[in-house]
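Trainee: Could you walk me through this one? I'd like to know what backs up each label.

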Amino acid sequence: MTIRQKAVAGILCLSVLTSGVFYAAATVLVQNQFEKLEVRETKEHTSLAVDALNYLADNISLKLTDWASWDDTYQFIVDKNKKFVDSNLQDESVANLGLNFMLFFDRNDRLVVAKAVDEDGAGFMVPADIITSFDRFGIYTKDESGEKKGFLNIDGKPVLFAARPILNSVSEGPVRGTLIFAKYFTGEDQQKLANLTHLDVRYTPVQDRQAEFKKIYPGLNAATSAVKYQDGDTIIGYQFVNDYSGRPLFVTEVTDQRQAFIEAKKSVAIFLGVIAAVTLVSIIVAIRISKLVQQRDQTIKLKDEFFSIASHELRTPLGAIRGNALLLRDMYGDKNDQAFKEIVSDMTEASSRLIRLVNNFLDAARFEAGQVPISPDVVSLKSVADIAAGELQSVARDKNIYIRSEIDDSIPQVYADKDRVLQVIYNFVGNAAKFTERGGITISAAEQDDDTVKVCITDTGRGIPEDARRLLFQKFSQVKSSDSKSGSGLGMYISQKIVEKMGGRCQLEHSEEDKGTTISFTLPKATAIQIAASKK
Amino acid sequence: MTKILIVEDDPLMSRMYQKIFSFHNYDVELANDGEEALVKVADIKPTIILLDVMMPRMNGLQVLERLKADPSTSSIPVVMLTNLAGQQDAETALSKGAVKYIIKSEHEPKEVANMVEEIIAGYTRNDVPQA
């Protein structure tokens, strides 16, 4: 899997996980907290809806009070005078009261007069069986304080009624009969109640579907309200409303929107949306970053290729120049031709210098990129120093100074990269030579206490000024020298890096104006194991 | 005269080595690539072979394998020539029967000639196919 795919997959997983965890937590929370609230609220609403029915009944009862405690009625019950009927019991009067039935019963529960009006306000003959229905319910009020109200189931139709004892205008007895006002419970009434309570309420007649309703609504009863969740968004409260004889007449259904729940779901949805958006953004960012990483890797790869091509393509012809110059010396150099010898020597030196320069640049670039090839082995400092001194004799001759090695076999072997050590010595000596006009440069070494060997390059030159000392190992810094040949300014920098990579340290030991300078580097001593391994 | 076969695809290098070995009195044969090398080995039966690691078409390792697989050539000492980039392959070559590897940029022609002398001197103790 590429970095990009890994990153995207990782982000997606994290996102899904976070969403899942949050959703689960939110759901659990919502479930616990909000549910309690909702249930309580809907139960309250249902009770309210049920109580609202009482309000209707109370309405009727209120109207009834005027008529039941009235001298005229009190009188009429006894003398059954026609005047009463004509003035008070017109169809409009009944309709205006919003009633369907008015029934006057005497003290012996015998019907004196009955009036019926339909929903259009037209009178009709009260059928005998309706009267017997009323009779069946036994709602006569026998004592003065009696008031009965509620619902009746007359031929399957719900009827709202109120019954009061017939008394005189000052509500004094004895009770002369019962006055009953009643009306059909209509859709209009339902609407009125819905408006009144501001609830989404339905009063559904039970009729003979009690068992069916009980199945649909678990826990349905007349005493208390019960609730159930209809779907994700609604919760329904329900309760039986019994008629006057205690049989379920209605199912009161209150439908509540699960407002809090809906709000909570909205919040969850918003949050999930935010997570999705963040995920999307993260993925885009991840893809961008992975592109950058890809580009960077590509750049590194290109650099690598450049290094290896540059290495090979630069060094090969340089090597050929130097090699051929040396061939000239070897094959034709025994002729005692001084000019010839110098020409060859200069060609060799120039190409060597160029090779070293190329190596320095490539090394410095590789150090920047973090690639430093060091292949350490057990190395004899004596042989390395001898090689270096030998190579540098042309430099010594040019400047009329000596360059010599004082390292002998008593110096223990070190564990380092031989070519790199050579490179470092060349750089240090080359640097010292720039500032040395007389005397010379000595390469020496001494074993240290901490299992290292310290190599010192000591010159008798003009010394390094105070302010230049810090810059000694910096990149590209050069102290002005008398030499026409300068250099890349990289040699000391690279040397320090190489020494550090091999586990050592570079140090300016001391420098005195016009007396000389000593610069040192340390290398780890080769252990017995390493020495034994190298002999294989 | 000791015969040396130098297998090197870069003419700059091969001419340089040719000169130094001629100067040291070797009978020098050059081969430009692996195929030519195998043909010439059969032809002249050299005392020692200098084999460049990085060559197009057939590289030094493959040539070495062929040389060592053929009983008539397997006893000829082979010295691998390489640059720094090919050092890994050169190490592998040692395990495949090469006697030594020389990093071209690190040694003057004279040093290379000396190293080859030492190897041959070491081998003359044993039987080495002579011209």
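Trainee: Which residues line the largest cavity?

Mentor: The lining is made up of A:F428, A:N431, A:A432, A:F435, A:I457, A:D459, A:I464, A:T517, A:T518 and A:I519. A residue counts as lining if it has an atom within 4 Å of a cavity point. This is a predicted model, where local features need pLDDT of at least 70, side-chain atom pairs count only at pLDDT 80 or more, and totals for chains, interfaces and linings use all residues. Residues are numbered from 1 along each chain as its sequence is written, chains are lettered from A and ligands numbered from 1 in the order in which they are written, and side-chain values use heavy atoms, leaving out hydrogens and water.

Trainee: What makes it a cavity rather than a pocket?

Mentor: On a 1 Å grid over the protein atoms alone, a cavity is a set of points where a 1.4 Å probe fits but cannot get out; a pocket is an open set with protein on both sides within 12 Å along at least five of seven lines. The whole-structure search finds one cavity of 30 Å³ or more, and the largest cavity holds about 90 Å³ of space. That volume is the space filled by probe spheres set on the points, which are joined across faces, edges and corners.

Trainee: How do the lining residues divide by type?

Mentor: Six are nonpolar, three polar and one charged. Nonpolar covers Ala, Val, Leu, Ile, Met, Phe, Trp, Tyr, Cys and Pro; charged covers Asp, Glu, Lys and Arg; the others, Gly among them, are polar.

Trainee: Which elements supply at least two residues each of that lining?

Mentor: In chain A, α12 (418-434), β15 (452-459) and β17 (516-524) do. Those names come from DSSP runs, numbered from the N terminus: helices are H or I with at least four residues, strands are E with at least two.

Trainee: What is the order of the five-stranded open sheet?

Mentor: Along chain A the order is β12-β14-β15-β17-β16, with mixed pairing. Two strands pair if DSSP finds at least two bridges between them.

Trainee: Why is one side of β12 and of β16 left without a neighbour in that sheet?

Mentor: β12 (402-405) and β16 of chain A stand at the edges, each with a single partner strand, so one side of each has no neighbour in the sheet.

Trainee: How do you know that β12(A) and β14(A) pair, and in which sense?

Mentor: Four bridges join β12(A) to β14 (residues 440-447) of chain A, in the parallel sense; the cut-off is two, so they pair. A:I403 stands opposite A:I441 in β14(A).

Trainee: And what joins β16(A) to β17(A)?

Mentor: Six bridges, with β16 (residues 506-512) running antiparallel to β17(A). A:H510 has A:T518 as its bridge partner in β17(A). Their hairpin has three residues between the strands, and A:D514 takes a positive phi near 65 degrees there.

Trainee: Where does α12(A) lie?

Mentor: Across β12, β14, β15, β16 and β17 of chain A, at about 170 degrees to β17(A). Angles run from 0 to 180 degrees between N-to-C directions, using axes fitted to C-alpha atoms, for helices over the stretch in contact. Contact means heavy atoms within 4.5 Å.

Trainee: What pLDDT does chain B average?

Mentor: Chain B averages 87, and 93% of the residues score at least 70. pLDDT is the predictor's confidence in each residue, from 0 to 100. Over residues 125-131 of chain B, pLDDT stays under 50. Where pLDDT is low, the predicted coordinates should not be read in detail.
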